[in-house]
Amino acid sequence: MMYLSNLPTGALAHVSSYLAAPSRALFAVALDHRDVDSSSAIAGDDWEALDFGDIEKDLAAKLSDDDIRGVLLSIDAVNNLKRLRLTNCINISGAGLDPLRGSTIIQHIDLSLVGDHESAKLDPEPPISCAEVLPILDSIIERGEDCSLEHLQLPNEWRKERNTESDFHAFLTRFNNYLSSRADVCLKCSCNLSENNEIQMIDLAGSEYGTQNYTCYDCMNKYCYECEDHLFGCYIRLCHRCEKSYCAHCQTVDYCTCCGFSYCVDCIDSKQCSQCEENTCLDCIPGVRCHNNCGADKIWCIPCVEDGDAFSRCASCNESYCADCCVSNVLHAVQICDDCDQYLCGQCRMNTCREGRNCSATKLLSRHSRRIKIVYVIKMRS
């Protein structure tokens, strides 16, 4: 019987060349009876970047720490790997990252376990453990001037609650000190980022606790928050959904004028309020619609709805009509009834006010309704 493992190394290397990068490494791990040179030939030698998002999501979710460890060993990650993303590896504790101990090559590590422009909040929470991972990260930043680590994306569940007595907070402080010692400067204005006393390299106390400031997730270039892009304002912004910072060159990030948060355009498709014409994220759209169904594409932001600028509400049926309909369409307008002294929509003015009352608004509305019916009958007969 012929086994796959009995094929010549050259043939297996040729087959693996058609696989995605993580699959090549997993293939080499599966043939672990072979010598190191054979495994290296099968896995390939182009290993500056490894993203488990390049394989099927279901497969990545099944990988264990032993699988991750085997992959990192097969590619000699400690000496080759510069960028690592554990996308969709939601069943690991992090112990499998041990082959990265003491790396002076690694520049970017993403432990968020989510893909591009996906919410950083996972449910259920993954088992990735501070106890397993932090000693490995410490072994990297302890290399001091020899350390190359520039960006670290940490899991959301580690950052949810700030505890200054925790091992995690102590690590954040050490990592912040390491980044400050690099004396990085803004690529646009050349200011020294570590000299900003108000905003540290790592958010240690703010609303984005545990996230890295100044550094673009994609290009890892550094920008201060005073430098601006002529189209989108601040040159680097943190997306509130994926919790990653991007510069204006790598990703367009819109600013919601309602909540004040920024979002990647690929994370959330922001809308323009039909009333104030400001950009609005989906969380700041209350879902109120004009009862006249005047346009499915019309949306209104929370401030415009709450201030009463966008809608008028009928005091009788409690339905809302947008300002445009109230101005342009008497049949659906919410207007003050002279006799009733209430704001009523067209239908309620007819139903309520003409029952034995002399309402000037109702008479006008009734004449308008009759004209529309006559026009309709004429069109139908013609």
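Trainee: Which residues does Leu 111 touch, not counting residues up to four places away in sequence?

Mentor: Leu 86, Leu 97, Ile 128, Val 133, Leu 137, Leu 152, Gln 153, Leu 154, Pro 155 and Trp 158; contact means heavy atoms within 4.5 Å. The model is predicted, with local features needing pLDDT of at least 70 and side-chain atom pairs pLDDT 80 or more, while totals for chains, interfaces and linings use all residues. Residues are numbered from 1 along each chain as its sequence is written, and side-chain values use heavy atoms, without hydrogens and water.

Trainee: What makes a set of residues a nonpolar core?

Mentor: Its members are buried Ala, Val, Leu, Ile, Met, Phe, Trp, Tyr and Cys residues joined through side-chain atoms within 4.5 Å; buried means under 20% relative accessible area (1.4 Å probe, protein chains only). The largest such core has 74 residues, and Phe 52, Leu 97 and Leu 111 have the most contacts inside it. A second, separate core has 18 residues, among them Cys 304, Cys 326, Leu 344 and Cys 348.

Trainee: Why is a space called a pocket and not a cavity?

Mentor: On a 1 Å grid over the protein atoms alone, a cavity is a set of points where a 1.4 Å probe fits but cannot get out, whereas a pocket is an open set with protein on both sides within 12 Å along at least five of seven lines; lining residues have an atom within 4 Å of a point. The largest pocket has 25 lining residues, with Asp 203, Glu 208, Asn 213, Tyr 225 and Leu 238 nearest its centre.

Trainee: How many residues line the second largest pocket?

Mentor: There are 16, and Lys 121, Asn 156, Ser 207, Glu 208 and Glu 243 are the closest to its centre.

Notes: Buried < 20%, exposed > 50% of the residue type's maximum accessible area, 1.4 Å probe, protein only.
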